[in-house]
Amino acid sequence: MTILEKIGRALADEPATVVVEPPGVGHGFWAGGPSVVHTDGRFHLAYRLRRPVDQGRGYANVVATSDDGIHFTTVATLPVEMFASASLERPALIRRPDGGWRIYVSCSTFGSKHWWVEAVDTAPGGDIADLAAGTRTVVLAGDATSAWKDVVVTREGAAWQMWACEHLLDQGDDEADRMRSVYLTSTDGLTWTPQRIALAPTPGRWDGRGVRITSAWRSGDQWLASYDGRASAAENWFERTGLAVGASPAEFAPVAGPIDRDGHTLRYVTLAQLPAGLQVYFEAQRPDGSNDLRTVFVPA
């Protein structure tokens, strides 16, 4: 069985542990959109907290740490007011080469379908808890035709790589749920150059309306990725997961999906690579409509 087959089976069928409870009961109360870094024997997790639309939407990005990858202690909270934003979405957490930390935050413009992305940095060698008072830089401003959010960021030596979800605004608000994943590169993680569309919707399939890469990693001579997909505008917020393979980080082809749990939403898959396997985190829907953040271990 390939590692992607193991991931798919674990996501769909294996018992998973809830690591963050939803902030309320019912649709729109969500804990999820995780990003995880495993370094120096510890897990560092960033995630989004959200209330229903009429109660504030995405109201905070939270950073937490853990020794076992299951029991987390909050060390920093970045509230929506910090960014003068209407809502926050999935963050991306990364350790910088100088030992400091950076978190990428997806921010929504008031009264608009537009999103932009900021980076928040600690000082060199700074503690991860310092992110709550970090230095902010807009890294993807977007414009009248593109909204950017839900980025995935990795680094190989001096080369930074990003997969960003682009929402197309060129056909008005009713069509703004359409999404695709774009591959970008950088030398510092702050100034980014788009290279090409890394993953696009497949017309007529379960992911024909929109796709967003949620994790990407090198495996031998291939690149592997998980992604969220939906077939229609009605499935916005109810995405399921797909898996993809690429010969390079710039171009992926779907190979599996849709993956869900008992017919419910399963999205924002991310993972930490460990010596014995993968610690996989994801957002999943409960019967009451709320979403929690869960984890499952996938042996190598």
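**Setting up.** I am working with a predicted model, where local features need pLDDT of at least 70, side-chain atom pairs count only at pLDDT 80 or more, and totals for chains, interfaces and linings use all residues. Residues are numbered from 1 along each chain as its sequence is written, and side-chain values use heavy atoms, with hydrogens and water left out.

**Entry: strand β19.** I looked up β19, which covers residues 277-285. Strands here are DSSP runs of E, at least two residues, numbered from the N terminus. I found that 9 of the 9 residues of β19 are buried, so the strand is largely enclosed by the rest of the structure. Buried means under 20% relative accessible area; exposed is over 50%, and partly exposed lies in between (1.4 Å probe, protein chains only).

**Entry: its partners.** I checked β18 (residues 266-274), which pairs with β19 in the antiparallel sense over 7 bridges. Two strands pair if DSSP finds at least two bridges between them. Threonine 270 stands opposite tyrosine 281 of β19. The two strands form a hairpin with 2 residues between them.

I then turned to β20 (residues 291-299), joined to β19 by 9 bridges and also antiparallel. Here glutamine 279 faces phenylalanine 297. This hairpin has 5 residues between its strands, and glycine 289 takes a positive phi near 100°.

**Entry: glutamate 283.** Is glutamate 283 buried or exposed? It is buried, with a relative accessible area of 0%. Its side chain makes a polar contact with the side chain of asparagine 291, at 2.7 Å. A polar contact is a pair of N or O atoms within 3.5 Å; within protein, one must be able to donate a hydrogen and the other to accept it, and residues adjacent in sequence count only if both atoms are side-chain atoms. I also noted the backbone nitrogen of glycine 33, 2.9 Å from a polar atom of the glutamate 283 side chain.

**Entry: a four-stranded sheet.** I traced an open, antiparallel sheet of 4 strands in the order β6-β7-β8-β9. Its edge strands, β6 (92-95) and β9 (135-140), each pair on one side only. I counted 4 bridges between β6 and β7 (residues 101-108). Arginine 95 stands opposite tryptophan 101 of β7.

**Entry: tryptophan 237.** I located tryptophan 237 in the loop between β15 (222-230) and β16 (240-248). Tryptophan 237 counts as partly exposed because its relative accessibility is 31%.
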